Structure formats: C-alpha cells, structure tokens
Amino acid sequence: MAAEIAAEAANQAIQVASSNVIAGLTIAIGGIGPAIAIGLIVSKALESIGRNPEASSKIQTVMILGVAFAEAIAIYSLVVALILKFV
Amino acid sequence: MTELHISISAQPIFTLGGFEFTNSMLVSLIVSFILILVGYRFSKLIKRRKKTGFVLFIQTILESLYEFVSSITPHQAGKFFPLIASIFLFVLLSNWAGLLPGAETIGLLKDGYHIPLFRGGTADLNSTLGIALFAVFMIQVEGYRSLGAKYFKKFFDLSNPMNLFVSFLELISEISKIMSFAFRLFGNIFAGEVLLAVIAFLFPLFLPLPFIGMEIFVGFIQALVFATLTLVFINIATTSHH
C-alpha cells in the first residue's frame, strides 16, 4: 500500500519535472531558426546599405518588415512554451 | 516567500450575466477615451486657430506619421492615413499602458487570490485578435474600394487548375494573416509582462530598469510593425495586377 503511494508520488514528480523540461525545450529549439533568419536578413541589409548608402531608408524599412516576420515564428513558439508552463 | 502568479488569460473584474469584463478590457477602454479626448480637444483648438504647445506636439506626431505613410504609398497616403494612424496610436498606447506604475499591482483580493485591476490592453489574446480581424477586414474593404468586384477574383480564379490552386492558397494566406497579426502582438507584449514579473520577483532593486526600457522599445516597434504590415498589405491589395 505504501509502495503504491510512493510510486504514485514519484510518477507525479517525474511528470512535473519533465513538463518543465519540455516547456524549456520548446522555446530553445523554436528560437534557433528565427535567430539564424534574422542574422541573415540583417547581414544582407547591411551589405546592400554599404553598396548603396542613398537607398538606406528604403532598405531599413524593408529590413524591419522582414525581421518582424521572422521574429513572429519565435514568438509563436514562445507562446506555446508559456501555455505549457502556465496552463 | 511569496509565489509568482502569472495568468495567461486576462482576469475578469466583474461579470454582467454571462459576460466577463476583464482588466485588459478596462485598460483598452481607458486608452480609447484618452485618444478620443485628445482628438476632440485638438480639433477644437485647430478650429479656433490657437497654436499652443499641445497643438504643436500633436501636429508633430501626425506629420511624422503622415510622412511615414507616404513613404510606403506615395500617391494614396491621404486615403489610408486615418486608418493606419489610428491602428498605430491605439496599439502603441495599449502596449505602453502595461508599463505604467499601477499596472498589475493595484488590484482586488478575491478569496485569497490577487486580481490586478489594470493589465496591458494588448496583453490579452482577445484584444489582439479583435484588432487583427479589424485590420484584415479593412484590407479587404480597401481592396474592394479600389478595384471593385474584380478584387475578389483574386481568391476564386477558375480559369485553369493552376490558378485555382494559387488562388486557394491566397485565401489561406489571408486567414493566416489574422493569426499572425494576433499572435505576434500578443506574444511580444505578454512575454514582456512575464519577463518583468519574473525579474521583479527575483531582484526588484534597479534590475528591472533596463528591462522596462526594452519593453518601451518593443512596444513601439510592435505598434510600428502592425501598422506597417497593414499598410503594405493594403498596398498589395489595391494595385491592379494586369
């Protein structure tokens, strides 16, 4: 009887611990792609500003737009991680 | 030691029948009233041609917004400026409302739980979904105003199977725009609130300062991105293809 209660408690503890680890992994893996994407976008923007400094305000506007799209994916995975942790 | 309480959905302050009035709704209402009051006072002062500091300040904001809109749509800036400026100002003030002193701290105590009275207006997925639905609806309305009924041919092109497939994808992408707008804004602002709560919980003395600075910046950028994306999609929707 005591062994069953202890096994039940151990199961609960493992469940809570692993759900925390899964929430952390969600945002960790979900942030890799957008980070690389934002790095590529900004590096191309900087390159083209260096090549053509006159068009720099146009390039800046399009770059901010592109970064917002890429960052949205990271935000989706952050929202899923928050839901896993707090709901 | 006290616990950290973070709720992903906005907490209801009172209920009217089946309708729950949440703290984010309260802040959105207050932000709307402030914008209406400022607009009303500004139009009264402009009519009497008085140039006070307040009038010049509002004019500076409006002129820089107008320049920004005309940098993306040079010829039709006048048609789209009221919509884009309203979206930008409402989202900006709602984002910043969660950073004021009193947000998330002043609250009621309901059977042992602390329910804050004020929470950022856009930190609730319902509010951002509402603004996103409105923005995408206005994109369709502006497309119809510019191109007539031909605008809806974009979504139901029956000429050949390839066009049918592409137009179906366009329809799906319009719906995904709604979700993308809603979740981008909600995710940024809610994650900022969680970050500020955790930092204040860990070390409340001086450490929250750079994070509040970052949240001010993120709130401004997210409002700008929401308005810019709406304007770019309206631009795409109002250009005729052939």
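Visitor: Which residues of H6(B) does H3(B) meet in this predicted model?
Guide: The model is predicted. On the H3(B) side stand Phe80(B), Ile84(B), Ile87(B), Phe88(B), Val91(B), Leu92(B), Asn95(B) and Trp96(B). Their partners in H6(B) are Ile216(B), Gly219(B), Phe220(B), Gln222(B), Ala223(B), Leu224(B), Phe226(B), Ala227(B), Thr230(B), Leu231(B) and Ile234(B).

Visitor: How many residues of the contact of H3(B) with H6(B) are nonpolar?
Guide: Start with the other classes. No charged residue takes part in the contact of H3(B) with H6(B), and four are polar. The nonpolar residues number 15.

Visitor: Are H3(B) and H6(B) roughly parallel or roughly antiparallel?
Guide: Two packed helices are described by the angle between their axes and the distance between the axes. For H3(B) and H6(B) the axes lie 9 Å apart, and the angle is about 155°. Angles over 145 degrees count as roughly antiparallel. H3(B) and H6(B) are therefore roughly antiparallel.

Visitor: What is the handedness of the crossing of H3(B) and H6(B)?
Guide: Take the pair with its angle of about 155°. The crossing of H3(B) and H6(B) is right-handed.

Visitor: Where is Phe217(B), and is it buried or exposed?
Guide: Phe217(B) belongs to helix H6 of chain B. Ala227(B), ten residues away in sequence, lies 16 Å from Phe217(B), C-alpha to C-alpha. Phe217(B) has 10, so it is exposed.

Visitor: How are H2(B) and H3(B) oriented to each other?
Guide: Their axes come within 9 Å. They cross at roughly 120°, and the crossing is right-handed. H2(B) and H3(B) are therefore oblique to each other.

Visitor: Which residues make the contact of H2(B) with H3(B), and how many are nonpolar?
Guide: H2(B) supplies Leu62(B), Leu65(B), Tyr66(B), Val69(B) and Ser70(B). From H3(B) come Ala77(B), Phe80(B), Phe81(B), Ile84(B), Ala85(B) and Phe88(B). By class, none is charged and one is polar, and the nonpolar count is ten.

Visitor: Where is Arg49(B), and is it buried or exposed?
Guide: Arg49(B) sits in the loop between helix H1 (23–47) and helix H2 (53–72) of chain B. Its phi is positive, about 60°, although it is not a glycine. Inside 10 Å, Arg49(B) has 7 C-beta neighbours, so it counts as exposed.

Visitor: Is Glu104(B) buried or exposed?
Guide: Glu104(B) is in the loop between helix H3 (77–97) and strand E3 (107–110) of chain B. Here too the residue is not a glycine, yet phi is positive, about 70°. Buried needs 20 or more other C-beta atoms within 10 Å. Glu104(B) has 22, so it is buried.

Visitor: Which residue in the hairpin of E3(B) and E4(B) takes a positive phi?
Guide: E3(B) and strand E4 (residues 113–116) run antiparallel and are joined by four bridges. Leu108(B) stands opposite Ile115(B) of E4(B). Two residues lie between the strands of the hairpin. The positive phi, near 35°, is that of Asp111(B).

Visitor: Which element gives the largest share of the side of chain B that touches chain A?
Guide: The contact takes twelve residues from chain A and 13 from chain B. On the chain B side, the elements giving two or more residues are helix H5 (161–202) and helix H6 (208–238). The largest share is seven residues, and it comes from H5(B).

Visitor: How many residues on the side of chain B that touches chain A are nonpolar?
Guide: One residue on that side of chain B is charged. Four are polar. The nonpolar residues number eight.

Visitor: In what order do the elements of chain B run?
Guide: Chain B has six helices and four strands. Its C-alpha atoms fill a box of roughly 70 × 55 × 40 Å along the principal axes. From the N terminus on, the order is β-β-α-α-α-β-β-α-α-α.

Visitor: What percentage of contacts in chain B join residues at least 24 apart?
Guide: Chain B has 242 residues, and 28% of them are buried. Take the contacts between residues at least 6 apart in sequence. Those joining residues at least 24 apart make up 64%.

Key:
Residues are numbered from 1 along each chain as its sequence is written. Chains are lettered from A and ligands numbered from 1 in the order in which they are written. This is a predicted model: local features need pLDDT of at least 70, side-chain atom pairs count only at pLDDT 80 or more; totals for chains, interfaces and linings use all residues. A residue is buried if 20 or more other C-beta atoms lie within 10 Å of its own, exposed if 12 or fewer, and partly exposed in between; C-beta atoms are placed from the backbone. Two residues are in contact if their C-beta atoms, placed from the backbone, lie within 7 Å. Ala, Val, Leu, Ile, Met, Phe, Trp, Tyr, Cys and Pro count as nonpolar, Asp, Glu, Lys and Arg as charged, and the others, Gly among them, as polar. Axes are lines fitted to C-alpha atoms, for helices over the stretch in contact, and angles run from 0 to 180 degrees between N-to-C directions. Angles under 35 degrees count as roughly parallel, over 145 as roughly antiparallel, 65 to 115 as roughly perpendicular and the rest as oblique. A crossing is left-handed if the near helix is turned anticlockwise from the far one by less than a right angle, and right-handed if clockwise. Two strands pair if DSSP finds at least two bridges between them.
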